[in-house]
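Have the sequence and the 3D view open as you read.

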Amino acid sequence: MPPKRDKELEEQAIAWIEGNLGETLEKKPYEDVLKDGIVLCNLMNKLLPGSVKKIEKKGGGFVFMQNIERFQEAAKKYGVPDRECFQTVDLWERKNIPQVTLCIHALGRIAQTRDDYKGPVLGPKMAEKSERHFTDEQLAEAKNTVSLQYGSNKGANQSGINMGKGRSIMD
């Protein structure tokens, strides 16, 4: 059973897409706006120009499912991990709409890490690497420090703590 949908996350995703495309999308249900893959392909071409070579505007189900597949390929090239992408049927057949939302949010998170991205923010910013460099004197001084994690807890103990029901032995 797929996870429950989060309307707030879906609204954030639509607002982020609109911000990147510079246009207001149709006021239809979330999955209907994205279903034919056109909006998603246009989004990828804004983020990574030329990443989706052909966007089908007319046709039947198979043609629009190809749009979704092209979006997925471009999203993976952009840096979205496989585990955060969705299957075509997740969107086309509405099997797992929360996974579609997860993918869009992952795309927004990845976009924020790129120097060429100047668009709106979606979700939390990814952590950046922060290396620490210590001198030999600092490392030697740290060896003389007694950490409270190593057993010295200044007299605190567990006396008087009752964790749940006591054990009773019946004969």
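## Helix α6

Keep in mind that this is a predicted model. Start with helix α6, which covers residues 97-113. Its 17 residues reach 25 Å from the first C-alpha to the last, close to the 24 Å expected at 1.5 Å a residue.

So is α6 mostly covered or mostly open? It's mostly covered, with 14 of the 17 residues buried.

## A closer look at H105

Now zoom in on H105, which sits in helix α6. Is H105 buried or exposed? Its relative accessibility is 15%, and buried means under 20%, so H105 counts as buried.

What does H105 touch? If you skip its neighbours within four places in sequence, H105 is in contact with L9, Q12, A13 and L122.

## How α3 meets α4

Next, find helix α3 (residues 38-47) and helix α4 (residues 61-78). Their axes come within 8 Å of one another and cross at roughly 30 degrees. Angles under 35 degrees count as roughly parallel, so that's the label for α3 and α4. The crossing of α3 past α4 is left-handed.

Which residues make the contact? On the α3 side they are I38, L40, C41, M44 and L47. On the α4 side you'll find F64, N67, R70, F71, A74, A75 and Y78. Sorted by class, this contact of α3 with α4 has 10 nonpolar residues, one polar and one charged.

Terms used:
Residues numbered from 1 in each chain as written. Predicted model: local features only at pLDDT ≥ 70, side-chain atom pairs only at ≥ 80, totals over all residues. Heavy atoms only, no water. Axes fitted to C-alpha atoms, helices over the stretch in contact; angles between N-to-C directions. Helix = DSSP H or I, 4+ residues; strand = E, 2+ residues; numbered from the N terminus. Parallel < 35°, antiparallel > 145°, perpendicular 65-115°, else oblique. Left-handed = near helix turned anticlockwise from the far one by under 90°. Contact = heavy atoms within 4.5 Å. Nonpolar A, V, L, I, M, F, W, Y, C, P; charged D, E, K, R; others polar. Expected span 1.5 Å × (residues − 1). Buried < 20%, exposed > 50% of the residue type's maximum accessible area, 1.4 Å probe, protein only.
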